[in-house]
Structure formats: structure tokens, C-alpha cells
Amino acid sequence: MNPKKLAAEKAVEFIEDGMVVGLGTGSTAYWAIQKIAQRINEGLRIRAVASSRDSEELANKLGIPIVPFSEIEFIDITIDGADEVDTHFNLIKGGGGALVREKILAINSKRFFVIVDESKRVEHLGQFPLPVEIVHFAVNLTINKLKELGCNTRIRMRNDKEYITDNGNIIVDCTFEKIVEPIELNKQINLIPGVVDNGLFTRMVSSLIVGYNDGNVMIFDQP
Ligand SMILES: O=C[C@H](O)[C@H](O)[C@H](O)COP(=O)(O)O
């Protein structure tokens, strides 16, 4: 069975009637959204907030009631994927470009469940280029400052054009050899004027749910 689907479906078991649920983005969160829709068809009543237009469209199609960010005070549970997870449950996210909204959901959630297949677990973050969302008009100046932190940078492209996020910004993918101090790096990046946010999610995860290729699924609570 698909390990992403296994992890996603396990996480959805934690959703209860009446909850406000944050919907993640990506190929793993996709399975969670599908399962939530199935539970709604079986009678579950929730309100959901989406971390991207893609997830909102999918939710709308499946009949999951979506409320805008402006209408909620808190989120009970957010279920989302990740590009990398280290041994302290720090994450790199944003491979799908949704990191800003995802981080807002994660940090305002009572419980943040991260769902991954086993390939996403790493000793140190950094094999996956770190996505940084920046404003467009100061691109070169902002990239120079990012490079001073010791990374190689690449502006994300889609169909030969700069990739534009749901927030109207661009993404710079930053390759660091190895990220040994993600908490510090997160702060340093976000202090650069022009940076909106970056894909390091530190000390946010409540539980990590890992799906394995052999069909197992394991839940790990924040160490
Ligand atoms: O912006 C996208 C998100 O952070 C995704 O949750 C992340 O890229 C993982 O995606 P996937 O589940 O497709 O590997």
C-alpha cells in the first residue's frame, strides 16, 4: 500500500466532530483530504482552512466546507506533509510552494500532525533545497543576502517563467551543504528584508506519522 496514504489516513483518525482542521498541500496531504471527505460523507462535521489554492480547490470538489483564514481564531488540528524531517522533528517544507500559509496554519494549531513516507526522514536537513519566499521587486538584493548565509540559490521556475506563489511572491530554493542549526538559520533568514518566510519549520510538530513501504505506519510524538 502507498506509504503516504497510510500515514495520511492514520492522521485523519485524530479528527473529531466540530473541529477546525488545517489542510496541508502536496501529494501526501492529498490523501488526508480524500480521507477527510470520506469521513464527512459518513457524517463528520468540521470546518477546514486550506494552505493553498490547490488544496482549497480539491476540498471544494470533494465537499469539504472551507472557511477563510480571516474567519477563524484557532485551528484544532493541521495535517500536512514535509520534504524532510530531522531527528528533532525539524522540517523543510515548501516543495510545493505553500510554505507561508502552511506555517501560519502549523503555528496556530493546537496539534500539528506531519505525515510522511519513510524516505523523508534524515539525520540533518539540507539535502532538499530550502524554499524561501521573497518579494519580487528586490529579488537580486534579497538573494545576495541569502547567499551571505552560505547557500547556493536558484529562483524557482515553472514552464519557463518564475513560479509565483498563491501570495503573489517568488521562491528562491537555497542549497546549504548541511543545516546543523535549523532554529538559528530560520531566524537569520527571516531577518533579511524582502524575505516573507522560509520552509524551516522548527519546534512545531506535535506528532510525526510515518508510512513504510512494507505497509506499517508509526506515530512518533515530539521528542
Ligand atoms: O509546499 C508544499 C508542502 O510543504 C508539502 O507539504 C511538501 O512539499 C511535501 O509534499 P509531498 O507530500 O508532495 O512530498
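Mentor: Happy to. Glutamate 102 is buried, because 31 other C-beta atoms lie within 10 Å of its own; a residue counts as buried with 20 or more such atoms, as exposed with 12 or fewer, and as partly exposed in between, with C-beta atoms placed from the backbone. Keep in mind that this is a predicted model, in which local features need pLDDT of at least 70, side-chain atom pairs count only at pLDDT 80 or more, and totals for chains, interfaces and linings use all residues. Residues are numbered from 1 along each chain as its sequence is written.

UniProt, in an unreviewed entry, lists Glu102 under "active site"; such annotations may be inferred rather than shown by experiment. Leaving aside neighbours within four places in sequence, glutamate 102 is in contact with Gly24, Thr25, Ser51, Asp80 and Lys93, where contact means C-beta atoms, placed from the backbone, within 7 Å.

Glutamate 102 sits in helix α4, helices being DSSP runs of H or I with at least four residues, numbered from the N terminus.

Now for the wider setting. An automatic or database assignment gives domain 1 (3–122 + 202–221) and domain 2 (130–198). Their centres, taken over C-alpha atoms, are 24 Å apart. Across the boundary, 13 residues of domain 1 are in contact with 13 residues of domain 2. Helix α4 (residues 99–107) supplies 4 residues, the largest share of the side of domain 1 that touches domain 2.

Key
Contact = placed C-beta atoms within 7 Å. Helix = DSSP H or I, 4+ residues; strand = E, 2+ residues; numbered from the N terminus.
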